[in-house]
Protein chains: 2
Amino acid sequence: MTAAREQPLELTAISHNEGVDAAVSAARRVIASLLHAGDGSAAEMKEVADRLNAVADHLDEHAPAMDQRMVDMWSGEGITRHDPVTGPENTIAPPLHLTGKDDGSVEGVVALGLPYQGPPGHVHGGISALLLDHTLGVANHWAGQSGMTAELTLRYHRPTPLFEQLTVTGEQIAVDGRKIRTRGAITARGEVCVSADGLFIAKHLPRPR
Amino acid sequence: MTAAREQPLELTAISHNEGVDAAVSAARRVIASLLHAGDGSAAEMKEVADRLNAVADHLDEHAPAMDQRMVDMWSGEGITRHDPVTGPENTIAPPLHLTGKDDGSVEGVVALGLPYQGPPGHVHGGISALLLDHTLGVANHWAGQSGMTAELTLRYHRPTPLFEQLTVTGEQIAVDGRKIRTRGAITARGEVCVSADGLFIAKHLPRPR
């Protein structure tokens, strides 16, 4: 965390734009387009289902054994590529891309589409919780002491708009023995929509080997 | 809520197994298979990306205008089909299917796969938050007084296993003017993994018309 750093540090994986990452980007388009289409669409949904099932069949025929995949997925000690918030291999992830700042906090910018909707035209409160839980975890990693979520409190100050640029931030506040306290927020147009306070415990589940 | 009811009441949409629902079910297979495959797979990922982009192109060519789709999506006063937890039109939704019980609570059973992973072999804490926020909202609907989440506190008692049957429950505890208090939990093998306390405010955003 030297003041001399000019570029923010990447704390989440960058998409390859090739291999599985490119396929996942295309799959993100499919899930958004399916929800946009709905049943009022003139698209041939039976044919779409057949084409998607054929892709899944092709992938399954060539997939590694699950236990081997779990080992590979968790190899190395660095940034994961499979989580549902930032992972370039996980279609569910918007994805949110987080960088570490010199002041010790982490930050990312994202706009969320239809699959993340809760109230009309706004982000689902549980999706905001998902983004914040993960961001607080990454903030702990950036601060040097990470752990597992023990308690998370979310406060919803105003509805979070869909389709607009959101800024997601996280910052470790205090470490007391194994207890870690971390805060974060989602802001839109400069106003806080959701804030989060987390208590984490400095422990980790073993990685598959 | 009469004692004479013999079947639990469906509080979330049932998948059609045709039309867009069938395509979404196939898309769920694709996102799980992509994550299982990863970059160590022998599948032709460039070809997979091309095939998925072609499906998205087909859907987009036939999609209704977004404002029309938003109106359709929110028509009627009943169960939504597009939310990211229960919606049969939303690929992100596992989906969780919730039913209303005679004691006033709601309950659903679900097993979560790789896309929902947080710690190795376990459910992401933010995904548990997503499921519980939504379930508490449905519990409020079932109890007759619903609203928007104002505050949500999640307590993580033990890691929530991936690939195993989870029971998700919600129950409205108290209504005091516009303030609604609701509780819920995720249990596995009869033990509570995550519990949630929510404060909701009895108001709703306007639906698009």
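Helix α1 of chain B is largely enclosed by the rest of the structure, because 15 of its 19 residues are buried. The model discussed here is predicted. From its first C-alpha to its last, α1(B) reaches 27 Å, close to the 27 Å expected for its 19 residues at 1.5 Å a residue. The helix is followed by Gly38(B), whose phi is positive, near 60°.

## Helix packing between the chains

One of the partners of α1(B), which covers residues 19-37, is helix α2 of chain A, residues 45-62; the axes of the two helices come within 8 Å and cross at roughly 15°. Angles under 35 degrees count as roughly parallel, and α2(A) and α1(B) are therefore roughly parallel to each other. Their crossing is left-handed. On the chain A side, the residues that meet α1(B) include Met45(A), Val48(A), Ala49(A), Leu52(A) and Asn53(A), while the residues they meet on the chain B side include Gly19(B), Val20(B), Ala22(B), Arg29(B) and Leu34(B). By class, this contact of α2(A) with α1(B) has 15 nonpolar, three polar and three charged residues.

Helix α2(A) itself has 18 residues and reaches 26 Å from its first C-alpha to its last, close to the 26 Å expected at 1.5 Å a residue. Its buried residues are Met45(A), Val48(A), Ala49(A), Leu52(A), Val55(A), Ala56(A), His58(A) and Leu59(A).

A second pairing involves α1(A) and α2(B), which pack at an angle of about 15° with their axes 8 Å apart. These two helices are therefore roughly parallel to each other, and the crossing of α1(A) and α2(B) is left-handed. The contact is made by residues that include Gly19(A), Val20(A), Arg29(A), Ser33(A) and Ala37(A) of α1(A), and Met45(B), Val48(B), Asn53(B), Asp57(B) and Asp60(B) of α2(B). The residues of this contact divide into 15 nonpolar, three polar and three charged.

Asp21(A) is buried, with a relative accessible area of 0%. Leaving aside residues up to four places away in sequence, Asp21(A) touches Ile14(A), Ser15(A), His16(A), Arg81(A), Pro88(A) and Glu89(A), and also Asp39(B).

## Backbone sites in the loops

| Site | Feature | Angle |
|---|---|---|
| Pro94(A) to Pro95(A) | cis peptide bond | omega about -10° |
| Pro94(B) to Pro95(B) | cis peptide bond | omega near -10° |
| Phe163(A) | positive phi, not glycine | phi near 70° |
| Arg189(A) | positive phi, not glycine | phi about 50° |

Pro95(A) is found in the loop between α3 (66-73) and β2 (98-100) of chain A, and Pro95(B) is found in the loop between α3 (66-73) and β2 (98-100) of chain B.

Phe163(A) is in the loop between β4 (148-156) and β5 (166-176) of chain A, and it counts as partly exposed because its relative accessibility is 44%. Arg189(A) is placed in the loop between β6 (179-188) and β7 (191-201) of chain A, and at 70% relative accessibility Arg189(A) counts as exposed.

## Chain A as a whole

Chain A has four helices and seven strands, which, read along the sequence, follow the pattern β-α-α-α-β-β-α-β-β-β-β. The C-alpha trace of this chain spans about 55 × 45 × 35 Å along its principal axes, and 54% of the 209 residues of chain A count as buried. Among contacts in chain A between residues at least 6 apart in sequence, 66% join residues at least 24 apart.

Conventions: Residues numbered from 1 in each chain as written. Chains lettered and ligands numbered in written order. Predicted model: local features only at pLDDT ≥ 70, side-chain atom pairs only at ≥ 80, totals over all residues. Heavy atoms only, no water. Axes fitted to C-alpha atoms, helices over the stretch in contact; angles between N-to-C directions. Parallel < 35°, antiparallel > 145°, perpendicular 65-115°, else oblique. Left-handed = near helix turned anticlockwise from the far one by under 90°. Contact = heavy atoms within 4.5 Å. Nonpolar A, V, L, I, M, F, W, Y, C, P; charged D, E, K, R; others polar. Expected span 1.5 Å × (residues − 1). Buried < 20%, exposed > 50% of the residue type's maximum accessible area, 1.4 Å probe, protein only.
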